[in-house]
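Please go through the labels applied to this model and show what each of them rests on.

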Amino acid sequence: MEPVTVAVPRKGRPLEAVLDRLAGHPSAQRVVEDVTETLRHEKAVTKGKATPDAGVYERLAAYSDPADPYEADYTLLRDDRAGKPRRVVFDSLTLDVADVPVRLVGREEPFRALRKHEFALGFDSADLVLEEVVGLREEPLQSIADVNERIDPQDTDVRVVTGLGDTVYHTLMGDRDALGVDALDRAFLEAYEGTLCISPRYERLVEAVIGLDALDGVEFVYPEEGEEEEAAIADAGLGVYLTVTGSTARAHGLSLGERLFPSETVLMENESEMRTDALAAVRDAIAAGVDTELPVA
């Protein structure tokens with residue numbers, strides 16, 4: 001059977017979420033663990049936290065097995081750190097899902113690859129969908145169930161199928177004492193006028209999840225180059241940031257407020273490319289029984 005191709009990220013938490021999800025399928029556990037361990041080691045090498053025992057090309061050759069599609073293959077990308085070091089990242093791997101061979105293909109921008117009709121199925125961060133194609137409205141976007149309804153069908157055929165449960169929340173945080181409030185929540189934002197510190201890449205996302213009405217009278221400000229996000233929010237007094245534990249925020253005197261939107265890796269489909277029973281079987285098998293904060297009707 002010809003493999004079904006699925007676009008996946010080349011590295012990072014979204015790729016790990018995909019591999020974790022697919023590791024439960026037959027014969028996948030060992031190779032998935034190998035890929036995860038390899039990429040975590042290479043990330044540590046790139047950040048200077050581990051010392052490699054061979055050059056990057058030697059490591060690439062040792063990791064990859066292009067002759068066997070059921071073993072992982074890797075490639076090299078230029079990292080954006082000082083000196084532009086070459087980084088080993090995921091390239092491809094075949095796994096069986098629902099008795100269908102599925103070829104995972106690494107892409108820097110899986111969501112955009114689906115938008116260009118290069119794939120029928122793919123995985124990427126839900127944030128990218130919000131940042132690029134979800135329409136802005138006066139009322140807030142509060143769950144992923146609203147996302148597909150806000151996508152203009154004239155803009156793209158891509159729709160979200162489900163999240164994978166690797167949840168990190170976009171969270172309101174601020175200095176409650178300086179602001180003179182007991183709770184940092186949407187009700188507070190409705191009445192608030194002043195600065196709100198966010199990452200510049202999340203401006204459209206924040207507008208979508210807070211809603212344009214609540215942002216009336218709010219001015220976005222951004223961290224300086226190289227400045228820690230929580231430190232910049234502490235200077236501004238109020239901000240929105242992706243929060244895992246909140247410990248760094250508290251170290252800057254910030255209180256965590258309402259969780260505004262759960263960020264997860266999502267399974268997406270290009271509806272116009274879903275033309276075979278095999279694609280539908282793979283989609284349904286991946287989505288079945290997933291524990292996600294992003295339910296899609």
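Predicted model: local features only at pLDDT ≥ 70, side-chain atom pairs only at ≥ 80, totals over all residues.

Residues are numbered from 1 along each chain as its sequence is written, and side-chain values use heavy atoms, with hydrogens and water left out.

Q: Why is the contact between aspartate 91 and arginine 10 called a salt bridge?
A: A salt bridge requires a side-chain nitrogen of Lys or Arg within 4 Å of a carboxyl oxygen of Asp or Glu; for aspartate 91 and arginine 10 the N to O distance is 3.4 Å, so the pair qualifies.

Q: What parts does the pair of aspartate 91 and arginine 10 tie together?
A: Aspartate 91 belongs to strand β3 and arginine 10 to the loop between β1 (4-9) and α1, so the pair ties together parts that are 81 residues apart in sequence. Helices (H or I, at least four residues) and strands (E, at least two) are DSSP runs, numbered from the N terminus.

Q: Why does arginine 10 count as buried?
A: Buried means under 20% relative accessible area, exposed over 50%, and partly exposed in between (1.4 Å probe, protein chains only); arginine 10 has 13% relative accessibility and therefore counts as buried, whereas aspartate 91, at 22%, counts as partly exposed.

Q: What makes lysine 116 exposed?
A: Lysine 116 has a relative accessible area of 58%, so the label exposed applies, while glutamate 118, its salt-bridge partner at 3.7 Å (N to O), counts as partly exposed at 43%.
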